[in-house]
Amino acid sequence: MEQRISLITLAVADLGRAQAFYEALGWQPVETPPGILAFDLIGQTLGLFPVSSLPEEIGMAPAPLNEKQFSGIILSHNLRERVEVSQLMERAKCAGARIVKPPQDTAWGGYHGHFADLDGHVWEVAVNPASPLGPDGAFQWNGVQ
């Protein structure tokens with residue numbers, strides 16, 4: 001297996017509501033077959049799929065989404081400047097996100113906050129001075145692409 005993730009799929013309770021939330025954050029969907037939603041990322045895609053049909057798609061028993069329980073997964077979105085973290089956290093809050101951890105300094109020298117989207121998926125919004133973003137916005141681990 002090559003070391004990459006091509007598509008991250010999140011189960012959502014309401015596809016239209018999820019689309020409105022991510023568009024309020026500034027994202028634009030790409031054309032997809034009916035019943036799913038996708039956003040093109042740098043080298044990956046974020047897919048949103050109705051929780052009512054995703055378990056059947058993968059052959060597992062359904063489990064309810066719980067917007068108050070931690071799923072064990074954090075999706076991270078890094079930015080270039082500290083002020084952008086606070087701005088994006090506020091934008092997410094205005095779009096209906098629940099602020100899990102307000103923006104603050106970190107022990108590793110960065111600045112971050114966490115929010116849960118409308119279905120409880122947790123996002124970290126961060127600036128990491130040890131891993132600046134490339135010109136195209138791609139994350140660079142410890143400054144090495």
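How many of the residues that line the second largest pocket are nonpolar, polar and charged? The lining divides into 16 nonpolar, six polar and one charged, where Ala, Val, Leu, Ile, Met, Phe, Trp, Tyr, Cys and Pro count as nonpolar, Asp, Glu, Lys and Arg as charged, and the others, Gly among them, as polar.

The structure is a predicted model, in which local features need pLDDT of at least 70, side-chain atom pairs count only at pLDDT 80 or more, and totals for chains, interfaces and linings use all residues. Residues are numbered from 1 along each chain as its sequence is written, and side-chain values use heavy atoms, with hydrogens and water left out.

Helices (H or I, at least four residues) and strands (E, at least two) are DSSP runs, numbered from the N terminus. Two strands are taken to pair if DSSP finds at least two bridges between them. Strands of a sheet pair through backbone hydrogen bonds, either parallel or antiparallel.

The parallel pairing of β1 and β4 extends over six bridges, and Ile8 stands opposite Leu46 in β4. Strand β4 (residues 45–50) also pairs with β3, in the antiparallel sense and over four bridges; here Gly47 in β4 is the bridge partner of Ala38. Strand β2 (residues 29–30) is joined to β3 by two bridges, again in the antiparallel sense, with Phe39 in β3 as the bridge partner of Pro29.

## The sheet β5-β8-β7-β6

A further open sheet of four strands, also described by mixed pairing, has the order β5-β8-β7-β6. Its edges are formed by β5 and β6 (98–105), each with a single partner strand, so one side of each is left without a neighbour in the sheet. From one strand to the next, the twist averages 15°. Helix α3 (residues 82–94) packs on this sheet, touching β5, β6, β7 (111–116) and β8, and its direction makes about 10° with that of β7.

Five bridges connect β5 and β8 in the parallel sense, and Val122 in β8 is the bridge partner of Ile74. The strands β6 and β7 run antiparallel and are joined by five bridges; Gln104 stands opposite His112 in β7.

Helix α3 includes Gln87. This residue is exposed, with a relative accessible area of 51%, on a scale where buried means under 20%, exposed over 50% and partly exposed in between (1.4 Å probe, protein chains only). Although Gln87 and Pro103 are 16 residues apart along the chain, their C-alpha atoms are separated by 9.8 Å.

## Hairpins

| Hairpin | Residues between strands | Glycine and phi |
|---|---|---|
| β2 and β3 | six residues | Gly35, near 95° |
| β3 and β4 | four residues | Gly43, about 85° |
| β6 and β7 | five residues | Gly109, about 90° |

## Pockets

On a 1 Å grid over the protein atoms alone, a pocket is an open set of points where a 1.4 Å probe fits, with protein on both sides within 12 Å along at least five of seven lines, and lining residues have an atom within 4 Å of a point. Grid points are joined across faces, edges and corners, and a volume is the space filled by probe spheres set on the points.

The largest pocket has a volume of about 940 Å³. Its lining comprises 30 residues, and Gln44, Ser76, His77, Asn78 and Phe139 lie nearest its centre. Two or more lining residues come from each of β3 (37–40), β5 (74–78) and β8 (122–127), and the largest share, five residues, comes from β5. By class, the lining of the largest pocket divides into 17 nonpolar, eight polar and five charged residues.

The second largest pocket holds about 510 Å³ of space. Of the 23 residues lining the second largest pocket, Ala11, Ala63, Leu65, Ser71 and His121 lie nearest its centre. Both β1 (7–12) and α2 (54–58) supply at least two residues of this lining.

Key: Axes are lines fitted to C-alpha atoms, for helices over the stretch in contact, and angles run from 0 to 180 degrees between N-to-C directions. Contact means heavy atoms within 4.5 Å.
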